[in-house]
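Biologist: I've got the two chains up on screen and would like to go through them with you. Shall we start?

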Amino acid sequence: MTHGLESTRAGGLTPPLLEVRRLVKYFVRKRGLWRQPSVVKAVDDLSFAIGEGEMFGLVGESGSGKSTTGRCILRLVEPSSGEVFFRGEDVLRFSRPRMRRARRDMQIVFQDPYSSLNPRMRAGDIVEEPLIIHELGSRAERRGRVADLFDLVGLDPDHLTRYPHEFSGGQRQRIGIARALALNPALIIADEAVSALDVSIQAQVVRLMLELQVRLKLTYLFIAHDLRLVEHICSRVAVMYLGKIVEMGDTRALFASPTHPYTRALLSAVPMLDPDAPRQRIPLDPDSFDREAPLKEVGVAHLAAV
Amino acid sequence: MAEPLLNVQHLSVAFEGTRSTVTAVDDVSFQIAPGETLGLVGESGSGKSVTAFAILRLLQPPGRVTAGRVMFEGRDLLALPEHDMRRIRGARISLIFQEPMTALDPVMRVGDQIAEALTVHGRTGARQRAVELLSAVHIPDAERRIRDYPHQLSGGMRQRAMIAIALACHPALVIADEPTTALDVTIQAQVLDLLRELRTQFNLALLLITHDFGVIAEIADRVAVMYRGTLVEQGPVRQILRAPAHDYTRSLLAAVPGAGISSLAP
């Protein structure tokens with residue numbers, strides 16, 4: 001499948017829309033007066049770039065740091081160090097008002113459509129809120145825009161005055177997407193955006209995201225733990241393990257010949273739909289690789305920390 | 001098929017409200033042979049968990065079994081006095097839940113929780129048996145681990161501890177309700193391997209409730225597909241996965257990433 005612009009590559013002719021350089025986020029936990037505080041390296045020297053119009057997958061298991069990475073890019077969590085270039089400018093150096101404006105172009109869709117929407121607000125108001133915050137348009141213009149957004153994400157504009165609990169999980173996620181799209185962003189960070197949904201609903205929401213990618217020329221950072229899903233919708237993918245990217249490359253190349261021991265263990269654990277397919281689990285031996293090894297080229301458009 | 005261990009016949013469950021009644025399970029019939037694994041698949045709200053709760057008679061009002069029989073080892077569970085049912089629950093049929101952190105008692109040591117399952121059912125030597133069970137589910141250093149509280153265990157270890165509790169009294173049937181859904185994929189693979197191993201070792205029958213066809217393909221012998229309270233299709237796992245007969249099963253399979261999502265491309 002060729003979603004995303006195959007030609008747009010980090011280091012290619014066009015500059016990437018988003019480039020993360022040596023991003024670090026440490027969480028320090030104090031452990032009383034006399035003991036050394038413990039440091040969790042949630043994101044540990046991460047670098048990657050996403051081309052315009054690309055659907056870039058960031059995969060890993062719980063605790064790998066993938067969600068923290070997404071939040072650091074938007075500065076919902078302040079990174080400890082590093083650079084995040086968006087359209088060539090380092091957003092980590094932006095002042096607060098400047099960052100607020102920048103967020104128009106970078107939006108996030110969260111995993112849980114049950115807790116990420118304010119239960120006391122009507123769906124239409126939820127979608128309109130970003131327009132009010134950024135003081136865009138008159139009330140009538142905003143209402144028109146909200147109705148258009150409802151239409152765009154496949155929601156019935158007659159349901160504008162309903163509350164979140166009156167919608168199903170899939171519809172709620174559509175509200176979350178409509179809200180993220182309200183300001184016409186260029187980049188959507190989808191943080192496990194479809195993980196909580198039933199498969200049939202998940203497929204519908206994924207289809208919507210793919211359609212919007214083409215129609216609105218959106219770029220996605222698709223954060224997920226579902227490798228099967230990422231394999232089928234992302235053009236490139238990075239695998240995270242304990243705060244580091246251990247492997248990154250073209251989805252097809254990476255899935256065809258996983259090189260890092262962690263990627264191999266992870267892929268071998270994914271359940272297969274064919275009950276007769278040979279199953280060979282590769283257990284992960286954390287001592288079998290060097291955690292500090294840098295990424296190096298192992299194939300065409302394919303890097304691994306081996 | 002040999003004499004089934006569990007024979008659910010025409011089971012119906014309704015939730016009665018003040019104004020309307022919702023039929024959550026509608027005339028559901030299936031059998032599980034000794035040592036067999038039946039996968040019960042469906043999406044949220046399809047009635048699969050309600051079916052499990054009805055079998056164990058754990059339904060809370062307003063939920064109520066309105067029709068059917070649940071034959072287990074020659075007796076109709078739905079007609080048993082509660083006293084007898086208690087000797088079956090946890091002993092002959094046990095239950096594994098999705099979320100081990102909420103299913104385990106947070107302020108009780110893991111070993112004591114396993115021992116509790118044993119002493120409730122009148123077994124002696126509970127502590128030693130708890131160690132054996134934790135070893136059987138491959139928790140390393142079981143002697144020491146029985147003194148841990150649930151929060152000291154990782155998610156995968158907690159699920160193993162819950163499996164150990166479920167196995168404590170040598171049940172003939174284990175009902176596992178989304179046992180791996182909350183786990184990372186590498187941990188899920190380990191837990192599925194463990195269930196597969198224990199199934200052979202103890203000749204366990206397994207009713208595996210899941211929304212994930214991948215998990216079904218990994219472990220089930222037969223599959224029953226549930227949609228809006230009814231079983232729309234059941235059969236051997238290969239037949240259902242390769243040649244699903246019902247439209248709903250087909251659409252469900254097509255929605256599994258990797259199976260048909262490429263056809264979703266705009």
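This is a predicted model: local features need pLDDT of at least 70, side-chain atom pairs count only at pLDDT 80 or more; totals for chains, interfaces and linings use all residues.

Biologist: Fine. Leaving aside neighbours within four places in sequence, which residues is B:Leu40 in contact with?

Modeller: B:Leu40 lies in strand S3 of chain B, residues 37–41. Leaving aside neighbours within four places, the contacts of B:Leu40 are B:Lys48, B:Thr51, B:Leu207, B:Leu208, B:Ile209, B:Ala224 and B:Met226.

Biologist: And is B:Leu40 buried or exposed?

Modeller: Count the other C-beta atoms within 10 Å of B:Leu40 and you get 28. The cut-off for buried is 20 or more. So B:Leu40 is buried.

Biologist: Which strands stand at the edges of the open sheet in chain B?

Modeller: The sheet has 6 strands with mixed pairing, in the order S6-S7-S8-S3-S9-S10. The twist averages 15° from one strand to the next. A strand with a single partner has one side left without a neighbour in the sheet, so the edges are S6(B), residues 93–96, and S10(B), residues 230–236.

Biologist: How many bridges join S9(B) to S10(B)?

Modeller: For the parallel pair, S3(B) and S9(B), there are 4 bridges, and B:Val41 stands opposite B:Val225 there. S9(B) and S10(B) run antiparallel, with B:Val223 opposite B:Gly235. The number of bridges joining S9(B) to S10(B) is 6.

Biologist: Which residue takes a positive phi in the hairpin of S9(B) and S10(B)?

Modeller: That hairpin has 2 residues between the strands. The positive phi, near 50°, belongs to B:Arg228.

Biologist: What joins B:Pro61 and B:Pro62?

Modeller: B:Pro62 sits in the loop between helix H1 and strand S4 of chain B. Omega is about 10°. What joins B:Pro61 and B:Pro62 is a cis peptide bond.

Biologist: On to the interface. Which helix gives the most to the side of chain A that touches chain B?

Modeller: The contact takes 31 residues from chain A and 29 from chain B. H6, H7 and H9 of chain A each supply at least two residues to chain A's side. With 9 residues, the one that gives the most is H6(A).

Biologist: At roughly what angle do the axes of H9(A) and H8(B) cross, and what does that make H9(A) relative to H8(B)?

Modeller: The axes come within 8 Å and cross at roughly 55°. Angles from 65 to 115 degrees would count as roughly perpendicular and those under 35 as roughly parallel. This crossing angle of roughly 55° therefore makes H9(A) oblique to H8(B).

Biologist: Which residues of H9(A) make that contact?

Modeller: H9(A) passes H8(B) in a left-handed crossing. On the H8(B) side, the contact is made by B:Val185, B:Thr186, B:Gln188 and B:Ala189. From H9(A) come A:Ala265, A:Leu266 and A:Ala269.

Conventions
Residues are numbered from 1 along each chain as its sequence is written. Chains are lettered from A and ligands numbered from 1 in the order in which they are written. Axes are lines fitted to C-alpha atoms, for helices over the stretch in contact, and angles run from 0 to 180 degrees between N-to-C directions. Angles under 35 degrees count as roughly parallel, over 145 as roughly antiparallel, 65 to 115 as roughly perpendicular and the rest as oblique. A crossing is left-handed if the near helix is turned anticlockwise from the far one by less than a right angle, and right-handed if clockwise. Two residues are in contact if their C-beta atoms, placed from the backbone, lie within 7 Å. A residue is buried if 20 or more other C-beta atoms lie within 10 Å of its own, exposed if 12 or fewer, and partly exposed in between; C-beta atoms are placed from the backbone. Two strands pair if DSSP finds at least two bridges between them.
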